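Student: Can we go through how the helix packing terms get decided here? I'd like to see each label set against its definition.

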Amino acid sequence: MKKYLICLDLDGTLLDDTKEIPQYTFKVLTALQNQGHILMITTGRPYRASRRYYEELNMHSPVINFNGAYIHHPLDSNFKVLHEQLDQSLSYSILETLKKMNVKNIIAEVMDCVYIDKPDPRLFDGFSVGNPKTEVGDLRYILKEDPTSILIEAEEYMIPRVKQALTRFYAENIEHRRWGAPFPVIEIVKKGISKATGIDYVRHYLDIERDAIIAFGDEDNDLEMIKYAKYGIAMGNAIDELKHVAHSCTLSNNEDGIGVYLNEFFNLNIPK
């Protein structure tokens, strides 16, 4: 039997809008894992905010967090951890630029430490999963180490301007990608980092050929992954740009898009 690596974005993809794994999709994924196929989470979230789903699906694989900036194996201490961080001095320069642009808020994450520029109950709720150490204040003064990622919250009309500025001044050193719900966010990670580079790193460890990779996504931060996978699948709720580069499209995250596609792909004949 040919073994496949099935790569799963979380928000807007594996998870429905209530942040749960739909029952049918859960059933299909469990059946495939029992057949020997490998499930892997590939997300912009930190591990503390994805651990619940890793355990619910009883996974035994590495996890790609921070869109490829942090890769580890929760069950294998011999796995070589990959952690790519932004240079601190570069981060300060970026923070200065963002301050001048008057973005709504800035968040820096260093593993399980969260630094928030301005107090905001919504952000506390969103980043409190797993009880990270949280500090609030001007990031130019409280950030004392190399961040794993920087997140920028901005008004919708500001997003293109912020992305343009980041490209103009920092293109040689960073990658920046947009997230969607629950509010517009731009994420910054180190240059050359993406979910695709993370998958490539892991597939060699797992001894999986590239033509045995299936990946599901919905947003800008999934573009490289969808292009990289042999079967890059866009959700029905995905942005148009992702649908244009995808191998195929499936139903939305609220319609068991992953479960329906995989049931047909593997001829499982599991009734919905």
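Tutor: Start with axes: they are lines fitted to C-alpha atoms, for helices over the stretch in contact, and angles run from 0 to 180 degrees between N-to-C directions. Bear in mind that this is a predicted model, where local features need pLDDT of at least 70, side-chain atom pairs count only at pLDDT 80 or more, and totals for chains, interfaces and linings use all residues. Residues are numbered from 1 along each chain as its sequence is written, and side-chain values use heavy atoms, with hydrogens and water left out.

Student: What makes H1 oblique to H10?

Tutor: The axes of H1 (residues 23-34) and H10 (residues 257-265) cross at roughly 40° and come within 7 Å. Under 35 degrees counts as roughly parallel, over 145 as roughly antiparallel, 65 to 115 as roughly perpendicular, and the rest as oblique. So H1 is oblique to H10, and their crossing is left-handed (the near helix is turned anticlockwise from the far one by less than a right angle).

Student: Which residues of H1 and H10 make the contact?

Tutor: Contact means heavy atoms within 4.5 Å. H1 brings Tyr 24, Thr 25, Val 28, Leu 29 and Leu 32, while H10 supplies Ile 258, Gly 259, Val 260, Leu 262 and Asn 263. These divide into 7 nonpolar, 3 polar and no charged (Ala, Val, Leu, Ile, Met, Phe, Trp, Tyr, Cys and Pro count as nonpolar, Asp, Glu, Lys and Arg as charged, and the others, Gly among them, as polar).

Student: Which residues in H10 are called buried?

Tutor: Buried means under 20% relative accessible area (1.4 Å probe, protein chains only). In H10, Gly 257, Ile 258, Gly 259, Tyr 261, Leu 262 and Asn 263 are buried, and their cover includes H1 and strand S1 (5-8).

Notes
Helix = DSSP H or I, 4+ residues; strand = E, 2+ residues; numbered from the N terminus. Buried < 20%, exposed > 50% of the residue type's maximum accessible area, 1.4 Å probe, protein only.
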